[in-house]
Amino acid sequence: MSGYTVELISPERKEELFLELVKMVKFERKANIHGACVKLLTDNSSFKEEWEDNFKFMNEDIRPHTKIFSVENGGKLQVLYEPISKACIIKNCDYYGWIKSIALAAISDFFEDYHSVHRRYSVHGSAVDYKGHAMAIIGPPGTGKTTMTYGLLQDKDFNYISDDWFFTRLFDNAVVVYSSEKNSYIRDDIAEVWTEFSREIEKVQLDSKGRGVADVNTLFNGRIRESSTLQTVILLERNPENPPFRKLSPEEALEFMVSNDFCNPHQLVRDDRKFNLRKNFFMELFSKLQVYLLNTVETPEESLNRIKDLATR
């Protein structure tokens, strides 16, 4: 679960709330998320600064595809979403991680409804490039997605694409993945597992949740890729009753994704139409790639070596 619930609202209710909340806004910033424009309106200076560090800049003359209002009025946490205009209102949130995830979820919703041969789909997962081909790591929260990703990135042969969300485009004979963020919203405890990152993480200004936006160019010595051709998907689970590693058929991989809510707690709209869109996308994706299930019950080093073995085959 994401830790919050989403309430869908009507365009009329959104307009009422906008008129009420716009008086509270102190900062407005636009971000370029894979060519789409997301506008943040907030009264929180820390959110504004983390947003600027996290995402690419978008010119002010570009109209937003979605708006994210984040304001504090002393009440309880609320996330309200109006799906026609892709506008989200977040009240009384103290965690930037949800702000950026909801922004990515809103753009994902926009891309899903964009009917074109250029349609993009988003995946709540990480992607790294190895010698021109990408590997994606997808799993439910707590299965080690971030740990495995940063473990791979200790190796100079691996390049960073994304550690939280990425976008995809499906071609007849290939799948291309694209980065979603300019920099990484990193957890400080990564350095406890992979000590190589300790010095750089010490430089990151952490928020109350022990996270902060890290410059990926510095963190990975310039080993950054904006896009790559996806070749392999590694799904993660943590279940002592199952074997540590096995290859999956497309049908088995899809069953895993469906049973785990597409490994994405940040879905703003959950209805039959959206479910079928996501299900059909993942079936097509898995039909084009090699998919494996890694059970992260072993040590991080043992699990990491299994992924590296796949990359170097």
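**A buried loop, a mixed sheet and a helix pair**

At 6% relative accessibility, below the 20% cut-off, Phe 262 counts as buried in this predicted model. The residue lies in the loop between H8 and H9. Its phi is positive, at about 60°, although Phe 262 is not a glycine. Cys 263 belongs to the loop between H8 and H9 as well. Here too phi is positive, at about 55°, and the residue is not a glycine. Cys 263 is buried, with 1% relative accessibility. Most residues other than glycine have a negative phi.

Helix H8 covers residues 250-259 and helix H9 residues 272-287. Their axes are 9 Å apart and form an angle of about 145°. The crossing of H8 past H9 is right-handed. H8 contributes Pro 250, Glu 251, Ala 253, Leu 254, Met 257 and Val 258 to the contact. From H9 come Phe 275, Lys 279, Phe 282, Met 283, Phe 286 and Ser 287. By class, the residues of this contact are 9 nonpolar, 1 polar and 2 charged.

The model also holds an open sheet of 7 strands. The strand order is E1-E6-E7-E5-E3-E2-E4, with mixed pairing. Strands E1 (6-8) and E4 (56-57) stand at the edges. Each has a single partner strand, so one side of each is left without a neighbour in the sheet. Strands of a sheet pair through backbone hydrogen bonds, either parallel or antiparallel. For E4, the pairing with E2 (residues 27-33) is antiparallel and spans 2 bridges. Phe 57 of E4 is the bridge partner of Ala 31.

The cysteines were examined for disulfides. A disulfide is a covalent bond between the sulfur atoms of two cysteines. The count comes to 0 disulfides. Cys 37 is in none; the nearest cysteine sulfur, that of Cys 88, is 16 Å away. Relative accessibility is 0% for Cys 37, which therefore counts as buried. Cys 88 is likewise in no disulfide. For Cys 88, the nearest cysteine sulfur is that of Cys 93, 10 Å away. Cys 88 is also buried, at 0% relative accessibility.

Definitions and conventions
Residues numbered from 1 in each chain as written. Predicted model: local features only at pLDDT ≥ 70, side-chain atom pairs only at ≥ 80, totals over all residues. Heavy atoms only, no water. Pairing = 2+ DSSP bridges. Helix = DSSP H or I, 4+ residues; strand = E, 2+ residues; numbered from the N terminus. Axes fitted to C-alpha atoms, helices over the stretch in contact; angles between N-to-C directions. Left-handed = near helix turned anticlockwise from the far one by under 90°. Contact = heavy atoms within 4.5 Å. Nonpolar A, V, L, I, M, F, W, Y, C, P; charged D, E, K, R; others polar. Disulfide = S-S within 2.5 Å. Buried < 20%, exposed > 50% of the residue type's maximum accessible area, 1.4 Å probe, protein only.
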